[in-house]
Structures are given as structure tokens and as C-alpha cells.
Amino acid sequence: MLSSTGRQITGNTRVVAIVADPIGHVRTPPAFNALMAQRDVDAVMVPFNVRPDDFPRFIAAAPLIQSLVGLVVTIPYKEVIIEHCTALTESARRMGAVNVVRFDDLPEGGRGLVGSNFDGIGFVGGLLAQGHALKGRRVYLAGAGGAAKAIVHALAEEGVAAIGIYNRSPARAGQLVGELRQCYPALDAHVADAAPQGYTLAINSTSLGLHASDPLPFAPDALPPGAVVAEVVMKTDITPLLAKAGACGFAVHLGRHMMEVQIERIGEFLGLI
């Protein structure tokens, strides 16, 4: 059998699953598999569509598959999976979210789940690689889920001046703001309104944009000249939000740039490269 890169898949091929629901929007497998081919690593990533009701049974059974070295975890499981992990890296513990799991042998037998998170590193690295300086920026972020937590911690460590969190549940936005204030006392962390004003970087970390019928996560119209509008959604390069932002004259940053940076880190964490 051949993989999408034309490489032979055998009984010795190590497998990484990307787990989500829905799964059709993911773009990580082709990029990851291309990296494995480039490094001459006998490994492949495949998509696993797992329904929420089935997730506990899936995650209990997955370590039993010996050729499965780990999982990339995305919406809606980045926070849920923490309770199934036997160990967390410092980044995952601090952020309260996991986007990659490695299966490690346990002393008592079987395999445990070691969770880490490269969303923040990937997002910040993607912005820097595209020439967007971050120090001193005022940041607006829509969403307060697993990706949001990773991103705001990474931005805070990069030296942004302020982070405003907007979420449909104000309580959840307030909880993330409280975490940021505790970890970064010098940071202006606050709950933001639905319409961003005065921010120089505006980010969508929600799933809005996966479907053509989705409303915009926020209206970029009132942002100041020179602002950057960024996505984590990567089903298409130009989401409705980025199309609107571009029409308003703002620089746009694609969701896939986050993925491009973190796939190498994921390969290293899984022991493949």
C-alpha cells in the first residue's frame, strides 16, 4: 500500500492518528507525511473521526495498538483528553490543554499517555516567520478553549502589552483572564467586547469559519490601520473572517502557518525525528 506521498506502507510503518470531530477540515496529515518522507522516516499520519460519546472508549483502547505511536488532538478534545493522560509536560499543565499525546511504556506494564501542547509555539512561530513582530502589541482573541489558552500564554511570554479575551461565555473568558493575570502580573489582561477596537493583532481561535454558514467570530472593521487579523482555522486559507479583513485593508495571517511550525516539534516529541 502507498501513502499519499507515494511511499510504501508496511507492517513496520509507525502510525500517528489525528483525532477530531468533525475531521474533514484537517490539513495536518499531508504536511506531516511530507515531512516524514523528507526525513526518510517510516511513519504516517491518518485522520480518525471519533464522536464525543465514543471518545472515552477510544482513548482507553488506542494505547493497545502497538503500531500507533501517538495522537494529534484537535477540536473538541484538547481539554477533555487531559483527564486521560498519565503525565503532562509543563506547557500542557500550565495551559490546561493538550494537542499531542505520546504513548510511553509504563513500569507496571501497558502504555501511558504523555500529553503536551505545541499550539502556542506553533502560532507564535508562524507569526514571527511571516514577519509580524509581537512585542508590545495589543492583542484581541476570540475564544477561550484549548487553542486559546496555548496561544495567549505563548503571546504573553513573547512580550505583548495587552490581551483582551472575548468569548460567548463571559465567565469562561474571565477565567482565562484570571489565569493570565496570575501568571503574568505585568500584562494588561482583560475581558473584551464582541467588537475589537484599539487592538493591533486580532485572532480567531474558535471553530467559526469551518462552515460557510458560520457567522464571523468578530467584525474587524473597527481595528486601527496596520492591524493584523489572524486565524487558527485552516480548512481554507482565506476564511470568511480573513476575506472580510483583507477587504478592509488589514494584513491577514493564515491558520496553516501555525501547523507548519508545530509539525516538526510534534515529530520530535513522538520520537520520530
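**Notebook: helix H8, cores, cysteines**

I started with helix H8, residues 256–269. Its 14 residues reach 20 Å from first C-alpha to last, close to the 20 Å expected at 1.5 Å a residue. The model is a predicted one.

Next I looked for a bend in H8. I found one of about 35° at Gln262. Gln262 is also buried, as are His257, Met258, Met259, Ile263, Ile266, Gly267 and Phe269 of this helix.

What covers these buried residues? I noted helices H1 (28–38) and H4 (119–129) in the cover, which also includes strands E3 (68–73), E5 (100–105), E6 (111–116) and E12 (251–253). After H8 comes Gly271, with a positive phi near 75°.

I then turned to the nonpolar cores. The largest has 52 residues. Leu155, Ile163, Ile165, Leu201, Ile203 and Leu272 touch the most other members. Helix H5 (residues 146–158) gives this core its largest share, 6 residues. A second core is separate and has 20 residues, among them Val44, Leu71, Tyr77 and Ala92.

Beyond its neighbours within four places in sequence, Ile203 is in contact with Phe123, Val139, Tyr140, Leu141, Ala142, Ile151, Leu155, Phe218 and Ala230.

Last, the cysteines. How many disulfides are there? The count is 0, with sulfur atoms within 2.5 Å as the cut-off. Cys85 counts as buried at 15% relative accessibility, whereas Cys248 is partly exposed at 32%.

Conventions. Residues numbered from 1 in each chain as written. Predicted model: local features only at pLDDT ≥ 70, side-chain atom pairs only at ≥ 80, totals over all residues. Heavy atoms only, no water. Core = buried A, V, L, I, M, F, W, Y, C linked by side-chain atoms within 4.5 Å. Buried < 20%, exposed > 50% of the residue type's maximum accessible area, 1.4 Å probe, protein only. Helix = DSSP H or I, 4+ residues; strand = E, 2+ residues; numbered from the N terminus. Contact = heavy atoms within 4.5 Å. Expected span 1.5 Å × (residues − 1). Bend = angle between axes of the 7 residues up to and from the residue.
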